[in-house]
Structure formats: structure tokens, C-alpha cells
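Please look over the sequence and the model shown here before reading the notes that follow.

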Amino acid sequence: VGNSTTDPTSGIQCGGTYDIASGTTNEQVNCDPVIRGRYVAITLANTAVLSVCELMVYGADLFNVMGAQGADCNTACNEQGLTCNTHINSRDDSKIMNNAGIPFCYRYSSSNTWFNNDQPGYVAGTSDPNRYRCIGFKSVPDSVPCTGNYWSVQRLCACDNSGSVSARACETHTPTCSSVAVIQCPAGMQIVINDAQFNGTSCGIDATDKVKAMCHNKDRCQLYASSATIGN
């Protein structure tokens, strides 16, 4: 999977190597991690013939994003309207950062193995002696805190759009609708407010900016449905 129409090996392999028996009617291949690219290429390891009648490609909820220099993954994902996922599968290959937007980087054995929470990453700082290196993309732990950062490093982040939730509160408390909405994220994650509406005395007031001011980038938020705070 990649963006080249002439060199399929420049992309990233999705899944493993498959032995497809004669007469097979379908084969499912899962990309973990998710790979970005415009083109899908199929290459054969031998001189056999493979006939493909239809190829179907589906999107996913988890995306790899390169953060800005010095930013943590909460910030990098929030800027895309997504939330940070602590699981980063680099497949021990620096190509995962090329796929996320870094066109080229140096790789040295001394810095390839993960050793800090600002990794996997790309050293971008002009005064950092390790500039242009891809670091920490091998032996990445199953969970890396979203909050890790270093001033000269662009972090490779796993960003998730499957965790979107809606919360509802009513100005007048009823048995089926509380007057308080409590939003809480798992450890290491932060709230991202995409939209908020207040239907008080007027219908459909856009309250996004006000709710963002109260809850955005927090790990827990208690929101009261009150025209005095989120209404006009």
C-alpha cells in the first residue's frame, strides 16, 4: 500500500505473505497498523499466475499521524479531530513514518529500538545532533502514553475516530434526563469537543465554543445544562 504507481516495493506491506491455494474464492488481508496510500499492489513471490476478479479496500478507525515538532500525541490527534490511542504498531519498520508523511530519514542501530515515550518519532530540531533520524520504531511497547513529547521530535501517533461519544443533559432534570453530563476519558486520553448544541428557550443554539472552553483537552468534564452558562 502506498502512493507509487511504478514501484510497489516503496510502499508498506499489508499483512504477511499468503499462500493462496488453487480454487480459492476469497482472501481477507488485514492491515495492522493502518496504512495510508492511494494504490494497492499485489506482488508474487514466484512465477505462478494469480487471477484477481475483484479487489475491495475498506477504511479503518485508526490512523497514523505525524505530530508537529515538540507536540504530544493528544495534541497531534486533536488537531485532526481524533483521539489518541496508546497502541502503536510500527511493525519494526521505519517505513511506517514515511507512510505518515516523513519522506526520508536516517536509521542507525543505536537509536532504532524504542527507549522513551516520545517515540516512535522523527528528529526534526535543527540544533539536535540526531536531526533527520527515525528513532524508536523497533520493539515498541503495547502501550505508549499519549502525553510523551520532546522538544526536537515529531511523534508518530495512533489516532482513533472510533471513540466518539455523545452526551446529553437537560436544563430541567427529569427521570430520563439528568441536568448534568459527565464526560470522562480513559487514562492518558483527552476530551475533544467537535460539536455542541443548546436547545433552551431558543432552538438549536450553537454552543460549541462555550463547551470547548469548559471541556476541551481535559480528561474529565462535568457539564451543567444551563442557559446561564451555555445558552445565549
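**Surface patch and overall make-up**

Tyr 18, Ile 20, Val 29, Val 40, Ile 42, Leu 44, Leu 50, Val 52, Leu 55 and Val 57 make a nonpolar surface patch of about 850 Å². The model is predicted, so local features need pLDDT of at least 70 and side-chain atom pairs count only at pLDDT 80 or more, while totals for chains, interfaces and linings use all residues. Residues are numbered from 1 along each chain as its sequence is written, and side-chain values use heavy atoms, with hydrogens and water left out.

**The patch and the chain surface**

- A patch is made of residues with over 30% relative accessible area and no salt bridge, with nonpolar side chains (Val, Leu, Ile, Met, Phe, Trp, Tyr) joined within 5 Å and like charges within 9 Å; a salt bridge is a side-chain nitrogen of Lys or Arg within 4 Å of a carboxyl oxygen of Asp or Glu.
- Ile 20, one of the patch residues, lies in the segment before strand 1 (62–66) and counts as partly exposed at 36% relative accessibility.
- Buried means under 20% relative accessible area, exposed over 50% and partly exposed in between (1.4 Å probe, protein chains only); buried residues make up 34% of the 232 residues in the chain.
- The accessible surface of the chain (Shrake-Rupley method, 1.4 Å probe; for residues, only the protein chains shown count as cover) comes to about 14200 Å², of which 48% belongs to carbon and sulfur atoms.

- The chain has 5 helices and 9 strands, where helices (H or I, at least four residues) and strands (E, at least two) are DSSP runs numbered from the N terminus.
- In strand 5 (residues 153–160), 8 of its 8 residues are buried, with Val 153, Arg 155, Cys 157 and Cys 159 on one side and Gln 154, Leu 156, Ala 158 and Asp 160 on the other.
- Strand 1 pairs with strand 5 in the antiparallel sense over 5 bridges, two strands being counted as paired if DSSP finds at least two bridges between them; here Asn 64 stands opposite Ala 158.
- Strand 2 (residues 83–85) also runs antiparallel to strand 5 and is joined to it by 3 bridges, with Cys 84 having Cys 159 as its bridge partner.
- Strand 3 (residues 121–123) pairs with strand 5 in the antiparallel sense over 3 bridges, and Val 123 stands opposite Val 153.

**Helix 4**

- The buried residues of helix 4 (residues 208–215) are Thr 208, Val 211 and Cys 215; seen down the helix axis, they fall within an arc of 70 degrees, so they line one face of the helix, the arc being that of the directions from the helix axis to the C-beta atoms.
- Asp 209 and Ala 213 are exposed on the other side of helix 4.
- The cover over the buried residues of helix 4 includes strand 8 (205–206), strand 9 (220–224) and helix 5 (227–230), with contact meaning heavy atoms within 4.5 Å.

**Backbone details**

- A cis peptide bond, with omega about 0 degrees, joins Gln 119 and Pro 120, and Pro 120 is in the loop between helix 3 (109–112) and strand 3.
- Tyr 132, in the loop between strand 3 and strand 4 (134–135), has a positive phi of about 80 degrees although it is not a glycine.
- Ser 139, in the loop between strand 4 and strand 5, has a positive phi near 55 degrees and counts as exposed at 51% relative accessibility.
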